[in-house]
Amino acid sequence: MDAIQRGELVDVVDKMKEELEEPSDILEAAKSVPSWKEQITIRGLVASVFIGTVYSIVAMKLLLTTGLVPSLSVSVALFGFVIMKGWTKLLEKLNIVTTPFTRQENTVIQTCSVACYAIALGGGFGSYLLALSKKTYELVGENTEGNSPGSYKDPGLDWIIPFLLAISFVGILTIAPLRKILIVDLRLRFPSGMATAVLINGFHTRTGEQSAKEQVDGFLKVFTGSFLWGFFQWFWSGGTNCGFGSFPIFGLKAFNETFYFDFNLTYIGAGMICPHLVNMSVLLGSVLSWGIMWPLIRDKKGEWYSKSIPESSMKSLTGYEVFIAIALILSDGMYTFIKVGYLTTKNLYATYGKKNQVKDEKELTLDEIQQNQVFMKDSIPTWMALAAYLLLSVMAIIIIPRMFPQLKWYYALVGYIITPALCFCNAYGAGLTNMSMAANYGKVALFVMAAMTGKQNGVVAGLIGCSLVKSVVSSATELMHDFKTAQLTLTSPRSMAVSQLIGTLVGCFVGPLTFFLFWKSFDIGNPNGIYKAPYALIYRNIAVLAVEGFSALPGHCLQLCYGFAALAIVINVLREVLPKKYGKFLPIPMAMAIPFLVGAYFSLDMALGSLVVFLMQRRDRKKASLMAPAIASGLICGDGLWILPSSILSLARLNPPICMGFSAALKS
């Protein structure tokens, strides 16, 4: 969902800078920058593991319910500040001497935590790895052409952890030597990294202390309330469609079309973080699909598809839901891919074609000069990064085909030869637009490798090939955002790289363990349950489509796919050609596609979150920009943390004592 951000953070960053930073703060902070080893502390690593675990749970819940995950980097930075400030204050009250909590340590904690939960987010647990499972294989249809018999591998810690260890570190080593070119020479903004840096710098300034105190207080109150609300809801959910999670606010007929309110604080918080346009696009997609299209297609039962086929079959209503969503996602993704590629090429040509395009050091501000000096102080040896990249690539090329014989070693070799170029292009595009194309690179690799391998092994080969490409490109871009944060907070890039490696290593264990917490406690992949894992079905069907062609589609589905693909392109083109005051109201096709398969219920949560932010902004815009991220983080973290005790209760077979349900009134 990175592409959904659409670069709105650029304006946010500029506003945050005005509100939080002091002009001379960087020069003062540069006088006492700790060494890179001092920036990595034991307490910081412990906090990072805890934060990374909490956000791994949050990310996993979002992935396995709807697949929509907002950017959580700013929330992680705030959570890290809350924990470390609380710890240092506790030690002060106990008269125990402790080292000061610096912006550099805050940045290292944020980087390590994000690297940890990024494995849960980008490791394929809600998409390509889960698409390998037997349950997803059966949902697609055992007799479906292209979905070859035995082409599944159920999740297991014995192979997922080694698999992640084999593929997760390559991207970090690919991009590290290019940090000077992308950040210092080309001066790319990397808006997500910049927004995180502005927030962290604001915490550690004289004027920012009061603002930070307000944010911490607000976070803790909402966090506590969110956790207790999850605890309260549990007592009433003792059965199917029981409790506050199935509240038919619009009536029972609308409830049957998934228009109900589920009091999910995680998605209300996500709605507060996501731009209004994203939330409204999701709501529009819900109305278009579950309010209009699916009831109409259901009326065609017996004409467009057989009455004897259950709705869960790919040849029935579910087929329309999945493939129309794929059409929207792929067409919107390819348009964005081409657009970012064009902007990247154009900007590179302008940069190297005109000498005055890159600022001379004389044109830099004193703050920028100081930041660059600190940033370049602790260099990462290029030979070391390249040697490590070659070593890890060779190991992956040997190990992965042994784990998955369907993927030939020469396909893995070609993948690792081209990924450095993809990493640079994606990092450059993300620096310009804040849009990562890692998911789109992965889908292209999935489609190509599945088609080239053939019917017998194409599905598995495509899904594993997707994981190789996406993991490398995604981690490389994430590190470059972290490097931008490091530059602006006077943090050593060496400490950032080390913390990224540590966080990734921890994530290779925390991510699978978190997934299995859900896998063992809940019914993952059930299309009628809460944890639908929609992207697992989407990714496997893309692979089936690649090896089989359009014969996998139900009746008239191809024409509908063409129509929605064209709609996505038209919307994107109109956004480019119309004046900004009109174009900014056009929906985002990729966001519209998510409820097509998942359902409409979560769009109401996100719309409510958007409404809360809107009302806060109407009352006091400056206060809203300060408190909205803190409140959203509290909602997400509190509700996410409740997953731990609820999972333990489920594993212990302790069921809720009450079922609060709704039914039609009895006729007298």
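Predicted model: local features only at pLDDT ≥ 70, side-chain atom pairs only at ≥ 80, totals over all residues.

Rings of Phe, Tyr and Trp (its six-membered ring) pair if their centres lie within 6.5 Å; planes under 30 degrees apart count as stacked, over 60 as edge-to-face and the rest as tilted. Residues are numbered from 1 along each chain as its sequence is written, and side-chain values use heavy atoms, without hydrogens and water.

**Exercise 1.** List the members of the aromatic cluster that includes Trp229.

Solution. The search of the whole structure gives 45 aromatic pairs. One cluster is formed by Trp229, Phe232, Trp236, Phe244, Phe247, Phe261, Phe263 and Phe662.

**Exercise 2.** Classify the pair Tyr137 and Tyr152.

Solution. Step 1: the ring centres are 5.1 Å apart and the planes are at 40°, so the pair is tilted. Step 2: Tyr137 lies in helix α7 (residues 134–140) and Tyr152 in the loop between α7 and α8 (157–167), so the pair ties together parts 15 residues apart in sequence; helices are DSSP runs (H or I, at least four residues), numbered from the N terminus. Step 3: Tyr137 is buried at 4% relative accessible area, whereas Tyr152 is partly exposed at 31% (buried: under 20%; exposed: over 50%; partly exposed: in between; 1.4 Å probe, protein chains only).

**Exercise 3.** Classify the pair Tyr260 and Tyr601.

Solution. Step 1: with 5.4 Å centre to centre and 10° between the planes, the pair is stacked. Step 2: Tyr260 is buried at 14% relative accessibility, and Tyr601 is buried at 6%.

Technical notes. Helix = DSSP H or I, 4+ residues; strand = E, 2+ residues; numbered from the N terminus.
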